[in-house]
Amino acid sequence: MKTVVVGAGLSGLTLAERILSSGTGEQVTVLEREDTPGGLARSFRIDGFDFDIGPHRFHTFNTEVDSYLLEILADCFVQISRRSSVHMAGKYRNWPLTPTSVAGLPFPVLWKSFLDLFNKPDIPVINSFADFIRSRYGDNLYNFFFSGYTRKFTGIDAEMLHVDWAQAGVNRAVIDNRVKADSLLSLVKGMLLPQPVETKFYYPACGGIQTFCNLQCERIEALGGKLLLSTPVKGLSIENNSVSGIVLENGESIPADRVFWTAPITILYPETGLTFINTLIANVALADEIPRNDYQWCYFGHEDLIFSRLTVPRNFRADCVPPGKGSVIAEITCDSDSEFWKNPETIRERLINNLKSVRAVAGDDILFINWQRIRETYPVYTLDYKEKLSSIHIPNGLFLTGRCGSFWYNNMDHSIAQSLSIVQGSEFKKDFWNER
Ligand SMILES: Cc1cc2nc3c(=O)[nH]c(=O)nc-3n(C[C@H](O)[C@H](O)[C@H](O)COP(=O)(O)OP(=O)(O)OC[C@H]3O[C@@H](n4cnc5c(N)ncnc54)[C@H](O)[C@@H]3O)c2cc1C
């Protein structure tokens, strides 16, 4: 059996590593477009600074995924308590909200939100992300934060996004389903808890999140698998409705009895009109420790700010930065046609001014800004995305999986779980939020 895995992100590497570990004697080849493995869980080490594609927190309630993670990392991990923020009304506030963080919100916002507790909008059928948020949090918080944040992040109005975006976006922001933040009432209840839930997540003990994928690659190669980097795939060869191989961008073909496709589904099915968001990442190295930023990551809804999220690597692991130094990562979602994407330097001044305005940098402390253009970071759930997906014809021997391959907003643990399910022949449930 010749197995080809397209994409060396977490899904592809987990598939390859598990198939090889099962000792069935299959030939496994992993083909990766980039010159390094990791996919979206990639890291960049620059002058002693470790940057991820927005530092990644690994958290799961799935015991199989947890065991797999620990098997690969062995003792190379640390456990860290989650600290997220949201920047609202000019201030950093804990997310989910706490009594202290709510205290400083403008009175009209608080009062209207209080009234929304008793005055839910009447939305008989929840179709869109806007319907979901308005029905759960009320019109006031929707208008005050979610609507602007969503437009800025996805480039689409919340009314035009499928309700699945809520499961993906809102619930993932807290990463722990014991933390109830999925409605206004649960936010209020959570705020009043005497002991907030403490969520711990894993992070590698050295390097960035890519350390995990690097360890998987070592195993794959030790088990006789082939890993070909800088090898972009163009498409499939199909005979009698069955996959017979893959075609590389350089025109070469590689025979395959089955293909696990974790690269964007749109490469194989451009006619569906499915799309992804791209993210421009600004890795900003700082000459001091920026002790003023004590969150790991923070969401910014204000449409004047160019970034939608900032992360602070030293609050993941202190040695992600050289001693005494600091860094911050800004995520700017954008279209690949935009000027930002083509020439990031054109927004340098605006970025610095925005970072100064939220006190993330002083300005004169910037050592360098490294730009990374990351393609296909988020699947866009338009209202008709399910119909588009169901129009796809899948030949025998092709498995569409992973975040981009199955067009499902996986976190790392879901990508691993999806691969483990495939290898075991069990069903992968997409309803992550209720997985406990
Ligand atoms: C900014 C950001 C922050 C995130 N933070 C977290 C977090 O804190 N916690 C968490 O659990 N998850 C987080 N995630 C999600 C996590 O990164 C993904 O769920 C996970 O990495 C997906 O792995 P994957 O293998 O399914 O997909 P991918 O990582 O997308 O892998 C697909 C692979 O296919 C390759 N490829 C693409 N085209 C081709 C081609 N033509 N030929 C060959 N190869 C190709 C790509 O280069 C890539 O390596 C975050 C994602 C982003 C974008």
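1. The shell of residues around the ligand is made up of 17 nonpolar, 13 polar and eight charged residues. The structure is a predicted model, and the points below should be read with that in mind.

2. In total, 38 residues surround the ligand. The closest are Ser11, Glu32, His56, Arg57 and Asn410.

3. Two of these residues can be followed down to single atoms. Glu32 has a polar side-chain atom 2.6 Å from an oxygen atom of the ligand. For His56, a polar side-chain atom is 2.7 Å from an oxygen atom of the ligand. With Arg33 the backbone takes part: one of its polar backbone atoms lies 3.1 Å from a nitrogen atom of the ligand.

4. How much of the ligand does the protein bury? On its own the ligand exposes 990 Å², and the protein buries 97% of that.

5. Several elements give two or more residues to the shell around the ligand. They are helix H1 (10–21), strand S18 (366–379), helix H13 (402–405) and helix H14 (412–424).

6. A separate point concerns two strands. Strand S10 (residues 233–239) pairs with strand S11 (residues 242–248) in the antiparallel sense, over six bridges. Within this pairing, Leu236 is opposite Ile246 in S11.

7. What do S10 and S11 form, and how many residues lie between them? The two strands form a hairpin, with two residues between them. Asn240 is in the turn and has a positive phi of about 50°.

Key. Residues numbered from 1 in each chain as written. Predicted model: local features only at pLDDT ≥ 70, side-chain atom pairs only at ≥ 80, totals over all residues. Heavy atoms only, no water. Near = heavy atom within 4 Å. Polar contact = N/O pair within 3.5 Å; in protein donor to acceptor, adjacent residues only side chain to side chain. Areas by Shrake-Rupley, 256 points an atom, 1.4 Å probe, with all protein chains shown as cover. Helix = DSSP H or I, 4+ residues; strand = E, 2+ residues; numbered from the N terminus. Nonpolar A, V, L, I, M, F, W, Y, C, P; charged D, E, K, R; others polar. Pairing = 2+ DSSP bridges.
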